[in-house]
Amino acid sequence: MSDKETRTLERIEGVSIIGNSEASSLSQPQASAVLRLDNVNKVYGSGKHAKTIIGGVSLSVREGEFVSVIGPSGSGKSTLFRLIGGLEAPTAGTIELEGKAAGDGERGRIAYMPQQSSLLQWKTVEANIELALTIAGVDRSEARALVQQWLPRVGLADYAQAYPHVLSGGMQQRVSFLRALLSPQRLMCLDEPFGSLDALTRIHMQQWLLSLWEADRRSVLFVTHSIEEAVFLSDRIIVLSASPSVVLQEFEVPFPRPRAGSIRNQAAFNELESEIYALLDNNSMH
């Protein structure tokens with residue numbers, strides 16, 4: 001593996017999220033939490049130039065839980081990802097990942113799916129996934145076997161030797177998700193992975209993601225700007241305020257799994273969407 005490939009993959013290895021001591025699930029037994037943030041604060045600059053982006057966020061993601069984070073633009077969601085992924089250190093507060101301190105510069109402890117697929121354009125689909133797995137510590141022969149086993153399951157068997165530029169946006173995101181799914185870390189962090197897709201493809205990808213996740217039940221932290229997407233996918237939804245961000249409220253999603261797309265037509269689904277929208281809208285007025 002070249003230094004260029006390693007540096008490129010390290011830049012996209014990364015992150016997770018949720019919120020304040022009153023609204024979060026910190027009351028859950030500690031052993032069940034894969035991720036815990038306690039009063040995390042992030043300030044950039046100093047003196048009169050200091051700017052607080054995160055104002056004191058506490059949150060948890062439990063084993064096998066799908067948690068979504070919603071907040072206005074500039075609320076520090078991406079900053080939280082960088083802190084959890086070890087790319088930056090918090091100004092104050094603590095971060096624990098699987099019971100051990102995190103956010104101290106140690107990378108590679110989470111599986112990360114970025115907004116864009118971030119595939120290496122000079123590598124085939126198969127080689128892109130294999131490279132990410134070997135960097136994560138998977139033996140090369142095991143990585144190859146996993147890729148050959150899983151590509152047919154995600155509808156990409158015919159594209160194993162194809163290069164990213166021939167894939168549609170949805171297909172590229174499937175490759176990116178599979179790369180995160182097969183990585184050995186217990187926490188997957190998904191940063192608006194469907195934000196660049198058209199509406200119909202996005203709906204199809206949501207259902208596809210759920211079908212794979214429900215068979216695996218890894219812990220997931222999912223950032224999105226779509227309330228409908230968060231309600232459809234999640235066990236819990238964390239709503240952040242504008243910067244400096246705190247947790248405004250946490251919502252338990254009441255719908256059983258597995259979920260079909262038809263739940264979007266239920267009155268309870270639309271009521272939960274409306275409640276979250278009203279919370280964000282009211283906060284934006286302050």
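**A walk through the model**

Mentor: Let's begin with Leu233, which counts as buried because its relative accessibility is 0%. Keep in mind that this is a predicted model.

Trainee: Which helix is Leu233 found in?

Mentor: Leu233 belongs to helix H7, residues 227-233.

Trainee: And what does Leu233 touch, leaving out residues up to four places away in sequence?

Mentor: With those left out, Leu233 touches Phe66, Gln206, Leu209, Leu210, Phe222, Arg257 and Arg259.

Trainee: How do S9 and S10 run, parallel or antiparallel?

Mentor: They run antiparallel, and 5 bridges join S9 (residues 236-240) to S10. If you want a pair to look at, Ile237 has Phe251 in S10 as its bridge partner.

Trainee: New topic, then: salt bridges. How many does a search of the whole structure find?

Mentor: The search finds 12 salt bridges. One of them joins Lys42 and Glu88, with the closest N and O atoms 3.8 Å apart. That pair links distant parts of the chain, with Lys42 in strand S1 (residues 33-44) and Glu88 in the loop between H2 and strand S4 (92-97), 46 residues apart.

Trainee: Is Lys42 buried or exposed?

Mentor: Lys42 is buried, because its relative accessibility is 10%.

Trainee: What does Arg144 pair with?

Mentor: Arg144 forms a salt bridge with Glu130, and their closest N and O atoms are 3.1 Å apart. Arg144 lies in helix H4 (residues 140-150) and Glu130 in helix H3, so the pair ties together parts 14 residues apart in sequence. Arg144 is partly exposed at 42% relative accessibility, whereas Glu130 is buried at 7%.

Trainee: Why is H3 described as largely enclosed?

Mentor: Because 9 of its 11 residues (125-135) are buried, helix H3 is largely enclosed by the rest of the structure. Just after H3, Gly137 takes a positive phi of about 105°.

Trainee: And Arg202 with Glu229, how do those side chains meet?

Mentor: They meet in a salt bridge, 2.9 Å from N to O. Arg202 is in helix H6 and Glu229 in helix H7, 27 residues apart. Both Arg202 and Glu229 are buried.

Trainee: One last residue. Where is Glu192 found?

Mentor: Glu192 is in the loop between strand S7 (187-191) and helix H6 (199-216). Glu192 is buried yet has no salt bridge, and Lys77, the nearest side chain of opposite charge, is 5.5 Å away.

Trainee: So which side chain makes a polar contact with the side chain of Glu192?

Mentor: That is His225, with the polar contact at 2.9 Å. Leaving out residues up to four places away in sequence, Glu192 touches Gln115, Val223, Thr224 and His225.

Conventions:
Residues numbered from 1 in each chain as written. Predicted model: local features only at pLDDT ≥ 70, side-chain atom pairs only at ≥ 80, totals over all residues. Heavy atoms only, no water. Helix = DSSP H or I, 4+ residues; strand = E, 2+ residues; numbered from the N terminus. Buried < 20%, exposed > 50% of the residue type's maximum accessible area, 1.4 Å probe, protein only. Lys, Arg positive; Asp, Glu negative; His and termini not counted. Salt bridge = Lys/Arg side-chain N within 4 Å of Asp/Glu carboxyl O. Polar contact = N/O pair within 3.5 Å; in protein donor to acceptor, adjacent residues only side chain to side chain. Contact = heavy atoms within 4.5 Å. Pairing = 2+ DSSP bridges.
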